[in-house]
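Here is a short note to read beside the structure. Keep the model open and find each residue as it comes up.

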Amino acid sequence: GIIIFAIYEIVKYWRGAHSIRNYIFEKIENPEDNLTYYLIPDEICGPCTIGFFRQKIVFPESFPLHPNFIMVYKHEHSHLKNHDNLVKVLCLLVLCLHWMNPVAYLLLFLYIDTAEIISDRAAVEGCSKERRKDYAILLVNEASTPDKNPVMWKNNLFSNKKKSGKNMKILKRRINYM
């Protein structure tokens with residue numbers, strides 16, 4: 001059963017990433033600001049990184065016009081630089097092999113939490129208190145939007161954080177670390 005679950009999650013992620021790749025219609029390279037990302041239609045998903053080895057940052061086509069675009073780009077680039085997608089697969093593999101061990105669940109939870117905090121830190125590094133506040137407001141606003149992404153993308157900025165106590169504590173912790 002565990003092997004079937006692992007295969008299911010990997011196939012689900014691969015199909016999701018493959019479908020997003022099919023929607024990519026433009027690659028944007030801005031050597032001036034050292035930005036490279038791909039555009040997809042607005043209704044597909046929010047900003048995210050896809051891939052394990054040849055990772056890409058994708059944004060909805062209208063998102064580069066957002067006032068906090070650079071901060072979100074830094075957030076996603078931090079995930080890319082730290083190979084968070086690959087490490088998360090390894091954490092899920094550990095969880096599948098040691099499903100009966102509570103430490104495996106803790107490993108996955110702590111990795112997701114730490115990856116988000118590190119990415120948020122990269123996003124707000126060198127910013128004024130007002131810009132950090134704008135980014136925190138963006139996090140809170142986007143946390144309430146529904147998420148269609150598979151489990152592999154749950155560590156990204158735009159995730160479905162229900163207004164339940166546990167999930168809001170995670171969001172509050174992210175904002176406090178900024």
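Which residues have the most contacts inside the largest nonpolar core?

1. **The main core.** They are Tyr37, Phe59, Phe69, Tyr73 and Tyr135, in a core of 21 residues. A nonpolar core is a set of buried Ala, Val, Leu, Ile, Met, Phe, Trp, Tyr and Cys residues joined through side-chain atoms within 4.5 Å. Buried means under 20% relative accessible area, exposed means over 50%, and partly exposed lies in between (1.4 Å probe, protein chains only). The elements that give two or more residues to this core are β2 (35-40), β4 (56-60), α2 (69-81), α4 (102-124) and α5 (129-143). Helices (H or I, at least four residues) and strands (E, at least two) are DSSP runs, numbered from the N terminus.

2. The model is predicted: local features need pLDDT of at least 70, side-chain atom pairs count only at pLDDT 80 or more, and totals for chains, interfaces and linings use all residues. Residues are numbered from 1 along each chain as its sequence is written, and side-chain values use heavy atoms, with hydrogens and water left out.

3. **Tyrosine 37.** Start with this residue. Tyrosine 37 is buried, at a relative accessible area of 8%. Leaving out residues up to four places away in sequence, tyrosine 37 touches Glu26, Lys27, Ile28, Ile57, Phe59, Pro64, Phe69 and Tyr73. Contact here means heavy atoms within 4.5 Å.

4. **Aromatic pairs.** How many aromatic pairs does a search of the whole structure find? The search finds 9. Rings of Phe, Tyr and Trp (its six-membered ring) pair if their centres lie within 6.5 Å; planes under 30 degrees apart count as stacked, over 60 as edge-to-face and the rest as tilted. The ring centres of tyrosine 37 and phenylalanine 69 are 5.2 Å apart and their planes are at 65°, so this pair is edge-to-face. The pair links distant parts of the chain: tyrosine 37 is in strand β2, phenylalanine 69 in helix α2, 32 residues apart. Phenylalanine 69 is buried too, at 6% relative accessibility. Ring pairs join Tyr37, Phe59, Phe63, Phe69 and Tyr73 into a cluster.

5. **The strands.** Look at β2 next. Of its 6 residues, 5 are buried. β1 (residues 26-30) pairs with β2 in the antiparallel sense, over 5 bridges. Two strands pair if DSSP finds at least two bridges between them. Isoleucine 28 stands opposite tyrosine 37. The hairpin of β1 and β2 has 4 residues between the strands, and asparagine 34 there takes a positive phi near 60°. β2 also pairs with β4, in the parallel sense, over 3 bridges. There, valine 58 in β4 is the bridge partner of tyrosine 38.

6. **A charge over a ring.** Lysine 56 lies over the face of tyrosine 38, at 5.4 Å from the ring centre. The test is NZ of Lys or CZ of Arg within 6 Å of the ring centre and within 35 degrees of the ring normal.

7. **Salt bridges.** A search of the whole structure finds 4. A salt bridge is a side-chain nitrogen of Lys or Arg within 4 Å of a carboxyl oxygen of Asp or Glu. One joins glutamate 29 and lysine 27 (3.8 Å, N to O). Glutamate 29 is exposed, at 54%, and lysine 27 is partly exposed, at 43%.

8. **Helix to helix.** Where do aspartate 120 and arginine 174 lie? Aspartate 120 is in helix α4 and arginine 174 in helix α6, so the pair ties together parts 54 residues apart in sequence. Their closest N and O atoms are 2.6 Å apart, in a salt bridge. Aspartate 120 is buried, at 0%; arginine 174 is buried, at 3%. Salt bridges with shared partners join Glu116, Asp120 and Arg174 into one network. Arginine 173 also forms a salt bridge, with aspartate 113, the closest N and O atoms being 2.9 Å apart.
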